[in-house]
Amino acid sequence: MTWLTWRQHRLEALGAALLVFPTLVAIAGFFIVAQPLLRQVNAACPGDSCGAALQSFSDRFGTLRTALEAILIGLPVLPGLFVGAPLLAREFEQGTDQLVWSQGITRRRWLFVKLGLLIAVTVVIASLLAIAGRVWFETNPSGNSSQWAEFDVQGPAFAAYVFFSLALGVAAGALIRRTVPAMAATLVGFVGARLAILFLARPNFLPQQQWDVSTILVGQADAWTIGDQRHFDVTGHPLSDTQWQAAVNTCSQIQGDWGSCLRDHGAVLLQAYQPGDRFWLFQSFEAAIFIVLGIAMIWLTAWLVGRRS
Amino acid sequence: MNVAIQATGLGKRYRSGWALRDCCLQIPAGRISALVGPNGAGKTTLLRLAVGLLRATSGEISVFGWSPTTNPILVLARVGFVPQDRPLYRNFTVDEILHLGRNLNPRWDQVAAVGRLQRLGIPLNRRLAALSGGQQAQVSLALALGKRPDLLLLDEPVSNLDPLARREFLSELVQVVAADGLTVVLSSHVVAELERVCDHLVILNGGRVQVMGEIEDLVAHHKLLIAPRLDPAEVAADQTVVQVTQTERQSAMLVRVGTHPVRPDWEVHSVSLEDVVLAYLGNPSAGTLPALALEVDSQ
């Protein structure tokens, strides 16, 4: 089975190597080459020349960073498209399911050995990239961006996306039984699940906190700000735009504490956020969700393969 | 008689309807059985049920006494299967497809498989896609035989092959069976070449078993009667008519020989297997099963 799995997937293995190896090298190179400029930035910040130092850093590495981020965002769907979706669909299309399932091992064993090997290899590769993603984030000059902006390209969440993608592709192939439609379904399903979790679930993994923007101008370090700043009255009810504008107009003419002036006029400006120290907790929530989804896909596949209809 | 495949009340329903219904049959061990019937008769379904690729909707099927779905490992180890259209991993080389067989089958016989293909002049390092249809069929057969099966199931193994490749395939098959004494079930809708190869026949029609028996007996117990034109009902009284062809002056009837003597003014002709099969396929309501054939035997 190991030989058969290798024989049937060596092209995908080559493709993965051609994509992943340069990415790892690029990140490692970035990490090494960026150190001198990074030291300059760290020396200048915070300070008067901080802005200029950050600017020269992003002039030099901005394009590379954008490209790497795009690659790391896009990579996890590929195992689903090119390994997962064809895994069963191509066998069904070519009739070779009848060939391989009438050899001397059960179809369940065939499926689990094959899936086990492919999942093991892809998760190992994904973990390397997830670690590289973290290293890459830490090479960012502080103050340039929050770790939350690179949430999706590092850590256990990234590895879980890869696992889910593969499992989703296999299930789509088992259900649809044709390669190209299964690939399309995998793409739609993967992007849909990622966006749904990103926009609907992740901001609410734990209750959001609010800070009073009008009194604390500089936000909490490494916090994830969610949505726009919104104005309320002091009892926490939404404030109409006209009332808010009236308070702002009044206070703008006043010297001194702008925040307490607004508060005196019954207005508060709040920003919803998730604190920075929840980052790894949220990573593990996100990873758990995609691991559970992936296991559900494998369970569905095993059922479809086992029912013999 | 040792039984290789036994089906009782076997039925399989797809979304489109019943492919096989209330099917009872026994395939004798050590013989080459032909499974014959029009397209859509349920031949492929029956073979897939026997190898456990499908699960029966109703009834039961057993292979050497084991259910292919509840004891797959026992059945799979003993059954070689060449599916319809002889699918292979077309980008594998011949060597690699044998490697697959060796990997997945505990009783694999590499020496015999390689020897068989070399004797046929099939290069082992060639990609399967680059082989002719006849050579691909031989590779499929070698793969199925390499696991040293006790039962070999072949679904339309010679379809889409040219006449020479057909003959080579079937003669290879007959040689192997003669040497190893394994049981073979061969489905086909082409009857002509079966008589030379097979010794047992099952006709499936509309998802049911219509005829089952030894080919020798079937041929011996069916005759073509030529009589002056008459009403078939007259004949039906003392013979079992399978098929009647009426012309202006005479009636030709293919009958299963009954207990009554044939009238002296009728000509009696022997028939070939093909005549018998075509007569039954043309008349789905006629049928002969072993129990009936045995009655004829005993009298």
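The structure is a predicted model, in which local features need pLDDT of at least 70, side-chain atom pairs count only at pLDDT 80 or more, and totals for chains, interfaces and linings use all residues. Residues are numbered from 1 along each chain as its sequence is written, while chains are lettered from A and ligands numbered from 1 in the order in which they are written.

Chain A contains 11 helices and three strands; helices (H or I, at least four residues) and strands (E, at least two) are DSSP runs, numbered from the N terminus. Read from the N terminus, the elements of chain A follow the order α-α-α-α-α-α-α-α-β-β-α-α-β-α. The radius of gyration of chain A is 25 Å, well over the 19 Å that the globule rule gives for 309 residues, so chain A is more spread out than a compact globule. Here the radius of gyration is taken over C-alpha atoms, and the globule rule is 2.2 Å times the number of residues to the power 0.38. The C-alpha trace of chain A spans about 85 × 50 × 25 Å along its principal axes. Of the 309 residues in chain A, 32% are buried; a residue is buried if 20 or more other C-beta atoms lie within 10 Å of its own, exposed if 12 or fewer, and partly exposed in between, with C-beta atoms placed from the backbone. Among contacts in chain A between residues at least 6 apart in sequence, 80% join residues at least 24 apart, two residues being in contact if their C-beta atoms, placed from the backbone, lie within 7 Å.

Helix 8 (residues 179-201) of chain A has 23 residues and reaches 31 Å from its first C-alpha to its last, close to the expected 33 Å; the expected span of a helix is 1.5 Å times one less than its number of residues. The buried residues of helix 8 of chain A include Thr179(A), Met183(A), Gly189(A) and Phe190(A), and their cover includes helix 4 (77-94) and helix 7 (155-176) of chain A. For the 28 residues of helix 11 (residues 279-306) of chain A, the end C-alpha atoms are 40 Å apart, which agrees with the 40 Å that the helix should span. Among the buried residues of helix 11 of chain A are Gln283(A), Ala287(A), Phe290(A) and Thr301(A). The buried residues of helix 11 pack against helix 6 (107-138), helix 7 and helix 8 of chain A. Helix 11 of chain A is followed by Arg308(A), which has a positive phi, near 55°.

In helix 1 (residues 2-33) of chain A lies Glu12(A), which counts as partly exposed because 18 C-beta neighbours are inside 10 Å. Leaving aside neighbours within four places in sequence, Glu12(A) is in contact with Phe82(A) and Val83(A). The C-alpha atoms of Glu12(A) and Val83(A) are separated by 6.8 Å, although the two are 71 residues apart along the chain.

The contact between the chains takes 24 residues from chain B and 17 residues from chain A. Helix 2 (72-78) and helix 3 (94-104) of chain B each supply at least two residues of the side of chain B that touches chain A. Helix 3 of chain B gives the most to this side, with six residues.

In chain B, an open sheet of four strands has the order 11-12-10-13, with antiparallel pairing; two strands pair if DSSP finds at least two bridges between them. Strand 11 (240-246) and strand 13 (267-270) of chain B stand at the edges, each with a single partner strand, so one side of each is left without a neighbour in the sheet. The twist averages 25° from one strand to the next. Axes are lines fitted to C-alpha atoms, for helices over the stretch in contact, and angles run from 0 to 180 degrees between N-to-C directions. Strand 10 (residues 222-228) of chain B is joined to strand 13 of chain B by four bridges, and to strand 12 of chain B by seven. The bridge partners of Lys223(B) are Val255(B) in strand 12 and Ser270(B) in strand 13. Helix 10 (residues 273-282) of chain B lies across strands 10, 11 and 12 (250-256) of chain B, running at about 90° to strand 11.

The largest nonpolar core has 90 residues, of which Ala50(B), Ile97(B), Leu153(B), Leu201(B) and Ile203(B) touch the most other members. A nonpolar core is a set of buried Ala, Val, Leu, Ile, Met, Phe, Trp, Tyr and Cys residues joined through C-beta atoms within 7 Å. Helix 5 (residues 133-146) of chain B contributes the largest share of this core, seven residues. Apart from this core lies another, of 44 residues, among them Leu78(A), Leu129(A), Ala157(A) and Ala287(A).
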